Amino acid sequence: PETIAEKEGFQTDVRRLIKTLSPKEQAVIRLRFGLDDGTPKSLDFIASKFNVEKERIRKVEAKALLKLRQPYRNQSVKCYISDL
């Protein structure tokens, strides 16, 4: 029961964290890491979906990951990771 509650809490916190990004960044991160369907997508797949070059998606992903690493954004998920 505790692990189920922890998992649900973690998922809620991750969703809240992702919502701090721009809509395009949110979409790229959700697809890239499979947050919606559990299947991570390739840069090629995402680029074709958005009709842009793979390099553009890589840049959006990198910018989003930098934002997600900012201390004021990631406080809610740090408690789930003991190595931080």
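Guide: A close look at two packed helices

Helix α3 (residues 43-50) and α4 pack with their axes 8 Å apart, at an angle of about 105 degrees. That makes α3 roughly perpendicular to α4, a label for angles of 65 to 115 degrees. Axes here are lines fitted to C-alpha atoms, for helices over the stretch in contact, and angles run from 0 to 180 degrees between N-to-C directions. Helices are DSSP runs (H or I, at least four residues), numbered from the N terminus.

A word on the source: this is a predicted model, where local features need pLDDT of at least 70, side-chain atom pairs count only at pLDDT 80 or more, and totals for chains, interfaces and linings use all residues. Residues are numbered from 1 along each chain as its sequence is written, and side-chain values use heavy atoms, with hydrogens and water left out.

So who meets whom? From α3 come Leu43, Asp44, Ile46, Ala47 and Phe50, and from α4 Lys54, Ile57, Arg58 and Glu61; contact means heavy atoms within 4.5 Å.

Now pick out glutamate 61, which sits in α4 (residues 54-68). Glutamate 61 is buried, at a relative accessible area of 11%; the cut-off for buried is under 20% (1.4 Å probe, protein chains only). Skipping neighbours within four places in sequence, glutamate 61 touches Val28, Ile29, Arg32, Phe33 and Leu43.

How values were computed: Buried means under 20% relative accessible area, exposed over 50%, partly exposed in between (1.4 Å probe, protein chains only). Angles under 35 degrees count as roughly parallel, over 145 as roughly antiparallel, 65 to 115 as roughly perpendicular and the rest as oblique.
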